Amino acid sequence: MKITTLLAAIPLALAADQRPMNSGGIPYSISNPDPNSPPYDLSFSKLGEYFEVYGAISTRYSQVYWTRNADVPLPDDIIKRFAGKVMAITGYEIDQVMKTDDGDKSIPIYNAYNHHYFAWLNGADSDLVYYPDRTFHAPNPTHWAPKSKSESQTAYPTNIVFKENPGGEYRKSYHAYPCGYAQLIHSPSTFILEPMQIDTHNRNYSKLATDVNGYEPWFVPDSVKEYVDHSIGLSPLIECPCTDRITRSIQNQSSILTSGTCPALLADEATCFTSIKELVGADNVASTTTVDDTGLPKGCILSPVKGTLNFDAIYNSNESSESMCGPSESIVSKVRGFTALDDVKTSISLSIDAATVQIVVTGPDGGWFGFGLDASSMADFPYAIIVDGDGTISERKLENHGPGTVLESQLVRVGEDKVEGGVRTVTMTRDVDGKSSDHFTFPTAPGNVNFISAVGDSVTIAYHSGRSVGSITLIPSEVESCICAPTQMSFLTYNNVTTDAYNVFCNEAPRSDMALQNNPACKMETYHGGLHCCKHQFFLTDHGQEDMIPEDVDEYFLKFRYYFEEYVEPVESVELEKTEASHKHLTHWVFLIDDAVNDYEEVQCEDGSMCQGMISARLTADQMGLEDKPEDYSTITPYVIDAHCHAPSCIRQELYNEDTGELLCAVEAKYGNGTEVFNEANYIALPPCLFSDLEEEGLRKPFVLERDTNLLAIKIFNTTHRHVGQMAQFTGLMRYDTNTV
C-alpha cells in the first residue's frame with residue numbers, strides 16, 4: 001500500500017484568531033510556578049502572530065507510520081516577509097486532525113497515537129544533509145538532518161528543531177518560551193516533519209477516527225494478551241509489542257587483526273580450525289597445524305599459501321608468546337571476502353587491493369537483485385549495486401523504502417554474465433575510492449562490511465519480494481593474520497523480509513541502571529517491544545490476524561501552529577542609543593535516563609499489586625546531550641525543562657543537582673478521565689519547568705550549571721502491569737555563557 005507524504009501549509013492566520021488552538025480538556029500548566037508571584041500567563045496571547053502547517057499520515061489498523069515526510073514551502077507571505085531577516089519562534093501547539101467541511105476536527109488519542117515526533121523549520125541557507133552515523137538524532141529512522149550551507153554568511157541559526165514533549169503528551173503539554181527568549185531562524189522557508197504514529201482505531205466500534213466514543217478493545221497480538229489491562233482506556237499497541245511477525249537471529253562476526261594482539265582468543269584448536277573453515281570455506285584450507293612457538297602470536301593464525309587462493313590454519317598453544325599479529329613491517333595487502341545469503345539466494349564476493357576492487361555477485365535469473373553496502377537497512381540510505389533481470393548493471397543511492405537515485409556509474413563489467421541453473425553471475429571491477437560522497441569507498445583493511453540484499457520478481461527494480469541482511473568478512477590474502485574470538489550481532493526480522501540489527505548496549509551505573517536491573521531490553525532475546533519492532537509500515541498484530549485488518553485507511557494530519565515575532569537586532573552604535581536584541585536564542589538539549597536503551601521495559605510487580613518502579617541516571621551537565629556545543633563554554637542556563645514519558649504508567653520525573661541536593665525540576669504526569677479530545681482516559685500531559693530573568697513573568701529565576709556539575713535524573717512509574725517500549729527523557733532549551741545571539 002502506498003503511504004502518502006503530503007504536507008501542506010496554510011496562510012498566516014489572523015482573521016480567526018483562536019487561542020489556544022487546543023482548548024478544553026486538561027488545562028495547560030507549568031510544573032514550577034513561583035508561589036511568590038502572580039500566576040504565569042498561559043493564554044498564548046502574548047506570543048505574537050502564528051501560521052499553521054500540516055503533515056499527512058495514512059494508516060490501517062495496527063500499522064505504524066514512522067518516516068520523514070517531504071518538506072513543504074512555508075506560506076509565500078512568510079517566506080517573502082522574512083527573506084534575509086530573522087524570525088523568532090516564541091512557542092507552538094500541535095494536534096492531530098482530519099479535514100472536514102466544517103473545518104479541522106481533532107482525533108482522540110485512543111484512535112491514533114503519537115509515539116513521538118521530530119519537526120524542523122529550515123531556512124534558505126540550510127540544506128538536508130546525509131549523515132552516515134545517525135546516532136546523533138536517534139531514534140529517527142533516517143540519516144538526514146538540516147545543516148547550514150557552507151556559503152551561508154548569517155550569524156543566526158538557519159534551521160531549528162522542535163522535539164519537546166515529543167510523544168503522546170504533545171497536545172496539552174505547554175510549548176511556549178519565557179518572554180524575551182525564542183528559537184531564532186534566518187530566512188525560514190520550509191517545514192519538515194518526521195512523525196511516529198500508531199493506528200489503534202477500532203473501525204467496528206467507531207466508523208470515523210474523529211468519533212469520541214471512547215476506547216473499545218479490539219484484536220491484539222498474542223504476546224500482550226497475558227499482560228494487557230483494557231481498563232486503562234488505551235490500546236496496548238501504543239507500546240509497540242513484538243509480534244509473531246518478528247523473528248530473531250544471531251550472527252557471529254569474525255575479528256581479524258594484522259597488528260597488535262587479540263583482546264579475546266578462540267578457546268582451542270578445534271574452535272580455531274572450524275572458524276577458519278567457516279571464514280574462507282573448507283575447500284580453501286590447505287592444512288591445519290598446532291604449534292608451540294614463541295615466534296608466533298598466540299592463538300589462531302590464518303596464513304595465506306603463496307601462489308594459491310588457499311590458507312593454512314595454525315593454532316599456537318604457547319600462552320606466553322608476546323609476538324604481534326601480522327607482518328613485522330607495514331605492508332599494503334590485498335583483502336577478500338565472500339558471503340552467501342540462503343534466504344534470498346544471493347551472494348557477493350569482494351577482492352580488494354590498494355586501488356581496485358573486483359566484485360562478483362550472484363542472484364536469481366529473470367528478476368532484479370541488488371546489494372546495499374555498509375548498511376543494515378534501507379534507512380541507512382546506502383550505495384547499492386543493482387542487477388536487472390536482463391543483466392543491466394546500475395549504481396544507486398537508495399532511499400528509505402524507495403529505489404533512490406541512479407548514480408554516475410563507476411562499474412566496469414568483466415566478461416559475459418554466466419547463467420546456470422537459474423542463477424546469474426556478474427563480475428565487475430571498480431576503483432576503491434568512490435567518485436562522489438554517494439559512492440561507497442571500499443575498505444582496504446581487514447574487517448566486516450555489513451550489507452543488505454534484496455530480490456524482485458520484475459525485470460527492473462521495484463518493490464522487493466525478499467530482503468535480507470549480511471556481513472562480508474574481509475581477510476588478508478597475502479599476509480598472516482590473527483583470528484580472534486568473534487563478536488555476536490543480533491538481528492530482528494519482520495515478515496521474513498526486513499532485517500535490522502539490534503544494537504542495544506546497557507551501560508553500567510552510574511550513567512544508567514539498566515544493566516544493574518538486568519532490564520529485559522538489554523538483550524535481543526528478552527526484548528518484548530519498542531522501536532525495534534515498530535518500524536515504518538509494520539503491523540503490530542500477528543500473522544494469523546492479517547485477514548482481520550480492514551482495508552479502510554485513516555488519512556489525517558499532524559497540525560503544527562507556530563507562534564512568532566519579528567526579531568529586532570541589538571543596536572550598539574555610538575551615534576545611537578544602545579538597545580538589546582528583542583529575543584535571545586535558545587538551544588536544545590536532550591538525554592535519556594535509560595541511556596542507550598531508548599525504550600526499556602517496566603517489569604510487572606511480582607505479586608501483581610499496586611506498586612512503583614524507578615530508574616535513574618547520573619551524569620554531568622556536559623553530558624546532557626547539548627546541541628551546537630561550543631568548545632569554550634563554561635556554564636549553561638536552562639530556561640525550559642521538559643519530561644518525556646509514556647502513558648499509562650508514567651507517574652513523575654525529577655532532576656536534581658547532585659552536588660547540592662537541589663531539586664531543579666519535578667514533572668508530575670497529569671491524566672485525562674473522559675472520552676472527549678484532550679481529556680481522554682489516561683491521556684497524559686507533562687507540564688514543563690520554565691524559568692525567567694524577568695520579575696513580572698511570574699516564573700522562578702533560572703539556575704546555572706557548570707560543565708562538571710553532577711546531575712541525578714529519576715523516573716517513577718506504575719508497575720501494576722508490565723509495560724514495554726517505555727521512554728524516560730529530559731529535554732529542553734538553554735543558553736551557553738558564550739552565546740552572542
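Hi everyone. Let me start with one arginine: Arg245 counts as buried, at 1% relative accessibility. Keep in mind as we go that this is a predicted model.

So who does Arg245 pair with? Its partner is Glu546, and the two side chains meet in a salt bridge, with 2.8 Å from N to O. This pair links distant parts of the chain, 301 residues apart. Arg245 sits in the loop between helix 2 (222-225) and strand 13, while Glu546 sits in the loop between strand 30 (498-501) and strand 31.

Another one is Arg81 with Glu566, whose closest N and O atoms are 3.0 Å apart. Arg81 belongs to helix 1 (residues 76-81) and Glu566 to strand 31 (residues 554-566), so this pair ties together parts that are 485 residues apart in sequence. Arg81 is partly exposed, with a relative accessible area of 26%, and Glu566 is partly exposed too, at 41%.

Then we have Arg413 and Asp417, with closest N and O atoms 2.5 Å apart. Here Arg413 is partly exposed at 35%, and Asp417 is partly exposed at 22%. There is also a network of salt bridges, linking Glu52, Lys99, Asp104, Lys559 and Arg561.

Which residues lie nearest its centre? Out of 44 lining residues, those are Glu278, Phe338, Thr339, Ala340 and Ser471. Several elements each give at least two residues to this lining, among them strand 13 (246-257), helix 3 (269-280), strand 17 (335-341) and strand 28 (466-476). By class, the pocket lining has 15 nonpolar, 23 polar and 6 charged residues.

On to the cavities: the structure holds 4 of them at 30 Å³ or more. The largest cavity has a volume of about 160 Å³. Its lining has 16 residues, with Val228, Pro236, Glu239, Arg722 and His723 nearest the centre. That lining splits into 10 nonpolar, 3 polar and 3 charged residues.

The second largest cavity comes in at about 90 Å³. It is lined by 15 residues, and Tyr110, Thr200, Asn202, Tyr215 and Glu216 are the closest to its centre. By class, this lining has 7 nonpolar, 7 polar and 1 charged residues.

Technical notes. Residues numbered from 1 in each chain as written. Predicted model: local features only at pLDDT ≥ 70, side-chain atom pairs only at ≥ 80, totals over all residues. Heavy atoms only, no water. 1 Å grid on protein atoms, 1.4 Å probe; cavity = no way out; pocket = protein on both sides within 12 Å on 5 of 7 lines; lining within 4 Å. Helix = DSSP H or I, 4+ residues; strand = E, 2+ residues; numbered from the N terminus. Nonpolar A, V, L, I, M, F, W, Y, C, P; charged D, E, K, R; others polar. Points joined across faces, edges and corners; volume = space filled by probe spheres on them. Salt bridge = Lys/Arg side-chain N within 4 Å of Asp/Glu carboxyl O. Buried < 20%, exposed > 50% of the residue type's maximum accessible area, 1.4 Å probe, protein only.
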